[in-house]
Amino acid sequence: MRNRRWTIYGKMIATAVLAVLLVRALLVTSCFIPSSGMENSLYRGEGVLVSKWSYGLRLPFPSWIGYHRLLPSQPERGDVVLFNNPMPVCYHERLEQRELFISRCAGLPGDTLMLNKELTVVAGEIFSPDSKELYVYPSSDEEILLKALDSLGLTGNPLVGYAGGGNYIRSFSHYEFYLVSQRVGDVIPFAPLNSEGKQEKHPFVVPAKGKPVKVYPWNVRLLCNTILSHENRKADVSNDTLYIDGKQVTEFTFSKDYFWMVSNDPVNINDSRLFGFVPEDHLVGKAWRIWYPACKERFFQRVH
């Protein structure tokens, strides 16, 4: 009788363990928030349930059987997403065993984001590298500018007007102005005619599967790191020029969708400012509810 009772208990325990493993493998997983990067949405030490079906179920052991996802869908902008570390210390570490990060999705595949030198998203107008802007500069620097334009092959760029105080006005695309400002440095004090600080941010396209992304001096290293880490191609940068498998390229077509992740706290850089674009196969799921709260009022609240 006693042996039979222990057999029943053993089956009950095994069934419970199996049920928990199946739930964690197929429905939800859990993680603890290690830092203050997502305050005031999630606080350090809180336990969070993550829905594995939010973007389609990533089948287990992708490093062994390849990346597959059942009923795939994309995150929405603003989602709080759990994902594997895109920049591990050892790239031979299996994807499913890598450290987990949790951040907010700020850029979807194909989006254009305006980022500053620190790769922080800057609010305001989104413009393309070919968009034109009027710049004012001292007429006394005209000879220096003409030499710079000639060396860059931008000779077809005439004056468009005159401003007060003996200043000239010339039109540059965002890309042209970047090249010119890099060439002349601080020698010529350019100033945008109609807006301030536009040259302090640049448009970055979030790579989308099957769509070419143009290479510019401000995005070349980010693209190079992404290609090396996630596209399994040899890539290198020399003098702001991208080389793939030893050949110079001006654009690259990616084989995966990528996302740009940000922290709520701009000081915490455990986001895309540190590890760049996050590939689709690294996504685990969407943060769902808080099961271990920082205070009792937050118990089982939805994550926003």
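Rings of Phe, Tyr and Trp (its six-membered ring) count as a pair if their centres lie within 6.5 Å. The legends below describe a predicted model.

**Figure 1. A cluster of aromatic rings.** Ring pairs join Tyr135, Tyr137, Tyr162, Tyr168, Phe172, Phe177 and Phe190 into a cluster. The structure as a whole holds 25 aromatic pairs. In one of them, the ring centres of Tyr135 and Phe172 are 6.1 Å apart and the planes stand at 50°, so the pair is tilted. This pair links distant parts of the chain, with Tyr135 in strand E8 (residues 132–138) and Phe172 in strand E10 (residues 167–173), 37 residues apart.

**Figure 2. Phe172 and its ring partners.** Tyr135 and Phe172 are both buried. Phe172 also forms a tilted aromatic pair with Phe177, at 6.3 Å centre to centre and 50° between the planes. Phe172 counts as buried because its relative accessibility is 0%, and buried means under 20%. Phe177 is buried as well, with a relative accessible area of 5%.

**Figure 3. An open sheet of seven strands.** The strands follow the order E1-E2-E20-E5-E6-E18-E19, and their pairing is antiparallel. Strand E1 (28–32) and strand E19 (278–279) stand at the edges; each has a single partner strand, so one side of each is left without a neighbour in the sheet. Strand E18 (residues 258–262) pairs with E19 in the antiparallel sense over two bridges. Tyr258 has Pro279, in E19, as its bridge partner.

**Figure 4. Helix H5 and the largest nonpolar core.** Helix H5 spans residues 220–230, and its buried residues are Val220, Leu222, Leu223, Cys224, Thr226, Ile227 and His230. After H5 comes Asn232, with a positive phi near 55°. The largest nonpolar core has 24 residues, and those with the most contacts inside it are Ile227, Leu242, Phe254, Trp260 and Phe277. Two or more residues of this core come from each of strand E7 (112–115), H5, strand E14 (235–238), strand E15 (241–244) and E18. H5 gives the largest share, five residues. In soluble globular proteins, nonpolar side chains tend to be buried together.

**Figure 5. Surroundings of Leu242, and a separate core.** Leu242 is among the residues with the most contacts inside the largest nonpolar core. Leaving aside neighbours within four places in sequence, Leu242 is in contact with Val215, Val220, Cys224, Ile227, Ala235, Asp236, Val237, Lys247, Gln248 and Val249.

Definitions and conventions. Residues numbered from 1 in each chain as written. Predicted model: local features only at pLDDT ≥ 70, side-chain atom pairs only at ≥ 80, totals over all residues. Heavy atoms only, no water. Phe/Tyr/Trp six-rings, centres within 6.5 Å; stacked < 30°, edge-to-face > 60°. Helix = DSSP H or I, 4+ residues; strand = E, 2+ residues; numbered from the N terminus. Buried < 20%, exposed > 50% of the residue type's maximum accessible area, 1.4 Å probe, protein only. Pairing = 2+ DSSP bridges. Core = buried A, V, L, I, M, F, W, Y, C linked by side-chain atoms within 4.5 Å. Contact = heavy atoms within 4.5 Å.
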